[in-house]
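Take a walk through this structure, one side chain at a time. Keep the sequence beside you as you read.

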Amino acid sequence: MFLLFAIVSTICYTLITLMGIKPFRTNAFTLRGIVMRTRYLTFWVMMCCLLVALSTALSQSPTVSSIVAPVNQLSVSDIDFRHSTTPKWLFTINIQVVGTRTVTMAVRAGFSIPNRGDYPIALTFGTDSFTVRGTRSVSNLDLDRTIRLISYNLDNTAKRSLEETALSSGQIPAGTYTFNVDVTYVDGSAPPGHTEFKIVLSNPTTVELISPVDDDQFANQFPLFQWLYDGPSSRISVFEKLPGQTSLEEAASGVPQFTKTTTANSMQYPSSGARILEPGKTYVWFVEGLSGVAGGTAVGRKSSLRSFTVASNGSQTLSSLLDELARALPRYQSLFDELKAQGFTTAGSLHLNGTAISIADLQRLVNTLRQNPDAVTTVELE
């Protein structure tokens, strides 16, 4: 600070000299003397303001922020920042300072795993000093490569907890992992800059298909696809099974007739914007559960293959409709079983609340009940 004051004072005196101001030789009681004194004091005030502004700027903490990869699962090597042979991008720390400063970075990482406890400080590491000119971004890929690590400590208890779970799958257990990052000036002229970020791992498992059921022979042209997956998003693909194709795998090896990525676990086949499903034709479908991993890629967990056939016009029987209603209303399965056991057959027409409806109308009703089965409070046979 003293050196900065001396520099600013020298600049001030030089500027005053260049302007021809001679404060110590001017008669203060003449008009010229008053003007010179005023100019002299003005420059001194300006330089003092500059000194205060510079000292304030240089005493500001570094501004620190973070960008994190959208991951849902990680391997043990992904967080071994010192020894990983195939490192992948996981996070970036953005640092902003005034001018050019020399800083160090310290990281504290902790985690909370269900049924295994909390480890608020499981991993700590610190870097050697490095230079920041205005702004600089440091990612986990820089650690012990472009920026040397001078300390790296993993709590033994936390390490054992991770390894016990990861031995069978190679994946870090699901849980919340919290990182605290401090960036400090080497000269200690200001408090550290700080940022915190969290990585929540869910480790999605398998994809289970629900409907249409496998080998359904009476699907409608706009079926409701349903499946179970605990990851963030899914991708459904539908293929037409062409003549000559003898297996589901062969049909699903071509270009899909329809594909879509969604965050929901169900999807109605669209009535526009896609090739229609034609009556009498067979289709194959599967779902890939997507999850983010280190490096910014998405890994898919593929379900089994299923097929269905779109019913020919007028070919849907009462039995197939009852099957669809039963799947839409599983709480009333016993009632539908009774109807089928008594051998009910269609009389050639369908009525809903006394009004004639078509097979398509009934199918739309079934689809509506599938989406909101709780809307049905009672079912009675008359």
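What follows looks at aromatic rings, charged pairs and one serine.

The model is predicted. Start with the rings. The structure holds 11 aromatic pairs. One of them joins Phe179 and Phe197. Their rings are stacked, with 5.0 Å from centre to centre and 5° between the planes. Phe179 belongs to strand S6 (residues 175–185) and Phe197 to strand S7 (residues 193–201), so this pair ties together parts that lie 18 residues apart in sequence.

The charged end of Lys302 sits over the ring of Phe286, 4.3 Å from the ring centre. Arg101 lies over the face of Tyr185, at 3.8 Å from the centre of that ring.

Stay with Arg101. Its side chain also meets that of Asp187 in a salt bridge, at 3.1 Å from N to O. Asp187 is in the loop between S6 and S7 and Arg101 is in strand S2, so the bridge ties together parts 86 residues apart in sequence.

How many salt bridges does the whole structure have? A search finds 10. Another of them joins Asp78 and Lys88, at 3.9 Å from N to O. Both residues lie in the loop between strand S1 (63–68) and strand S2 (91–113), so the pair ties together parts 10 residues apart in sequence. Asp78 is buried, at 10% relative accessible area. Lys88 is partly exposed, at 35%.

Next come Glu288 and Arg235, whose side chains form a salt bridge of 3.1 Å, N to O. This pair links distant parts of the chain: strand S14 (residues 282–292) holds Glu288, strand S11 (residues 233–240) holds Arg235, and 53 residues separate them. Glu288 is buried at 18% relative accessibility, while Arg235 is partly exposed at 28%. Elsewhere, salt bridges link Glu240, Arg275, Glu278 and Lys281 in a network.

End at Ser211, in strand S8 (residues 208–211). Ser211 is buried, at 3% relative accessibility. A polar atom of its side chain lies 3.4 Å from the backbone oxygen of Leu224. Beyond its neighbours within four places in sequence, Ser211 contacts Leu224, Phe225, Gln226, Trp285 and Arg306.

How values were computed: Residues are numbered from 1 along each chain as its sequence is written. This is a predicted model: local features need pLDDT of at least 70, side-chain atom pairs count only at pLDDT 80 or more; totals for chains, interfaces and linings use all residues. Side-chain values use heavy atoms; hydrogens and water are left out. Rings of Phe, Tyr and Trp (its six-membered ring) pair if their centres lie within 6.5 Å; planes under 30 degrees apart count as stacked, over 60 as edge-to-face and the rest as tilted. Helices (H or I, at least four residues) and strands (E, at least two) are DSSP runs, numbered from the N terminus. A charge sits over a ring if NZ of Lys or CZ of Arg is within 6 Å of the ring centre and within 35 degrees of the ring normal. Buried means under 20% relative accessible area, exposed over 50%, partly exposed in between (1.4 Å probe, protein chains only). A polar contact is a pair of N or O atoms within 3.5 Å; within protein, one must be able to donate a hydrogen and the other to accept it, and residues adjacent in sequence count only if both atoms are side-chain atoms. Contact means heavy atoms within 4.5 Å. A salt bridge is a side-chain nitrogen of Lys or Arg within 4 Å of a carboxyl oxygen of Asp or Glu.
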